[in-house]
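Take a look first, and then we will go through some questions together.

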Amino acid sequence: MNFTTLREAESLAKKKIRKGTFNWLNSGAEDDFTYRKNISDLEKIKIIPRILTKNHNIVLKQDFFSIKLNFPIVLSPMGHQTQFEKNGELTTAKGIDKENILGFFSTQGRMGYDFLKRKLPKSKIAWQIFPFGDKSWIENEIRVAEKFKSPALCFCFDAPVRSHRYLDRESRYDARKYGKRLYPVSPDAAFALTYDWEFLSWVKKKTTLPIIPKGLLNIDDIKNSIKYKSDALWISNHGGRMFNSSISPVYILKKLKKYNIRKKIIVDGGIRKGTDIIKYMCLGADIVGVGRPAIYGLISNGQLGVSQIFNILKKELISAMQNGGFKSKTDFNFKRLILDDE
Ligand SMILES: Cc1cc2nc3c(=O)[nH]c(=O)nc-3n(C[C@H](O)[C@H](O)[C@H](O)COP(=O)(O)O)c2cc1C
């Protein structure tokens with residue numbers, strides 16, 4: 001079914017799919033505090049508009065390593081998508097392709113990178129690896145990413161073990177039992193607890209692909225990412241799904257202001273509106289990632305639904321920029337925000 005806003009997509013998705021599946025998608029760790037905080041911290045920020053800025057022609061193009069992005073929006077990696085729709089990841093990849101959006105796909109997904117790239121050789125999709133295996137397994141995933149020309153390689157480090165999600169538990173739902181699987185389960189998640197920062201040095205020796213650690217929320221971890229030569233930084237708390245009571249991306253971006261970070265910053269968590277994107281960009285992000293809303297689109301209306309989510313966000317971003325007096329990336333800065341409760 002079609003929808004006109006992201007919130008309408010969410011309520012359609014909720015009506016359309018079984019309760020346990022929807023709760024698995026929407027739950028955060030424990031009682032969802034951090035999931036809600038991601039959204040409420042964004043809501044607290046206010047934007048100071050400008051007028052007469054001659055902003056009829058908004059330009060948001062940027063290079064992302066080997067590819068070009070027309071908008072600063074990407075699809076965040078999400079696993080187990082065939083629970084939501086028969087062809088899950090493949091349908092999502094087709095949906096973002098139509099909107100020329102870069103999407104990250106995950107080793108926790110039901111389809112491998114090679115499978116997706118064989119089906120959609122020209123699509124802008126990138127691979128994200130969980131360190132859920134020994135180095136030989138990880139090296140094999142790196143080779144697949146290289147062979148099929150992933151523009152970058154993302155490593156998700158903020159989810160070494162399964163979290164306790166009350167909504168999910170109380171639904172007595174086990175995601176692994178639903179939806180088809182065309183890609184094997186990772187060999188052994190326990191490896192994630194055995195790696196430290198040397199892991200990144202090892203990865204950098206194994207490949208020339210740009211490396212992006214995902215799950216950064218701590219200044220020392222951000223410094224380490226730079227020290228170990230990461231090519232971009234992904235600030236995220238996994239949409240509040242893994243570690244409850246964690247700080248929000250908004251909080252760490254505010255702290256990062258005094259450091260002169262020269263790496264590209266991707267941030268995700270809680271984006272539901274065009275103005276949320278402006279806020280993250282003014283806080284220093286170069287690119288924002290969208291998670292759950294893409295799946296609301298997938299559930300509600302398959303491939304078209306996924307495209308529609310990104311189309312709506314693009315249109316909301318442009319109209320908000322024009323009404324708020326923003327012309328291009330250079331207008332995004334802290335001075336345009338009120339961060340406290342004024
Ligand atoms: C259903 C679901 C599955 C996810 N799976 C992954 C994953 O496989 N890898 C990963 O790095 N992050 C994963 N995430 C986290 C997202 O990449 C992203 O950080 C988060 O969804 C952003 O918050 P939002 O949903 O509020 O947009 C998942 C999130 C959801 C909702």
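A: Before we start, one definition: contact means that heavy atoms lie within 4.5 Å, and helices and strands are DSSP runs numbered from the N terminus. Please keep in mind that this is a predicted model.

Q: Which strands does helix 8 lie across, and at what angle does helix 8 run to strand 8?
A: Helix 8, residues 198–206, lies across strand 7 (153–156) and strand 8 (211–216). Its direction is at about 155 degrees to that of strand 8. Angles here run from 0 to 180 degrees between N-to-C directions.

Q: Which strands does helix 12 lie across?
A: Helix 12 (residues 292–324) lies across strand 4 and strand 11 (287–290), and runs at about 170 degrees to strand 4.

Q: What makes the barrel, and in which order do its strands come?
A: Eight strands close up in the order 4-5-6-7-8-9-10-11, with parallel pairing. From one strand to the next, the twist averages 30 degrees.

Q: Why are strand 4 and strand 5 called a pair?
A: Pairing needs at least two bridges. Strand 4 (residues 73–75) and strand 5 (residues 102–106) have two bridges, in the parallel sense, so they count as a pair. Val74 stands opposite Leu102 in strand 5.

Q: How many bridges join strand 9 and strand 10?
A: Strand 9 (residues 232–235) pairs with strand 10 over four bridges, again in the parallel sense. Here Ile235 stands opposite Val267 of strand 10.

Q: Why is strand 10 described as largely enclosed?
A: Strand 10 covers residues 264–268, and four of its five residues are buried, so the rest of the structure largely encloses this strand.

Q: How do you know whether Glu141 is buried or exposed?
A: Buried means under 20% relative accessible area. Glu141 has 6% relative accessibility, so it counts as buried. This residue sits in helix 6 (residues 135–147). Leaving aside residues up to four places away in sequence, Glu141 touches Thr107, Trp127, Ile129 and Tyr183.

Q: What lines the second largest pocket?
A: This pocket has a volume of about 550 Å³. Of the 28 lining residues, the closest to the centre are Phe157, Asp158, Lys214, Gly215 and Asp221. Strand 8 gives the largest share, four residues, and helix 8 supplies at least two.

Q: How many lining residues of the second largest pocket fall into each class?
A: There are 18 nonpolar, six polar and four charged residues in that lining.

Technical notes
Residues are numbered from 1 along each chain as its sequence is written. This is a predicted model: local features need pLDDT of at least 70, side-chain atom pairs count only at pLDDT 80 or more; totals for chains, interfaces and linings use all residues. Side-chain values use heavy atoms; hydrogens and water are left out. On a 1 Å grid over the protein atoms alone, a cavity is a set of points where a 1.4 Å probe fits but cannot get out, and a pocket is an open set with protein on both sides within 12 Å along at least five of seven lines; lining residues have an atom within 4 Å of a point. Grid points are joined across faces, edges and corners, and a volume is the space filled by probe spheres set on the points. Ala, Val, Leu, Ile, Met, Phe, Trp, Tyr, Cys and Pro count as nonpolar, Asp, Glu, Lys and Arg as charged, and the others, Gly among them, as polar. Buried means under 20% relative accessible area, exposed over 50%, partly exposed in between (1.4 Å probe, protein chains only).
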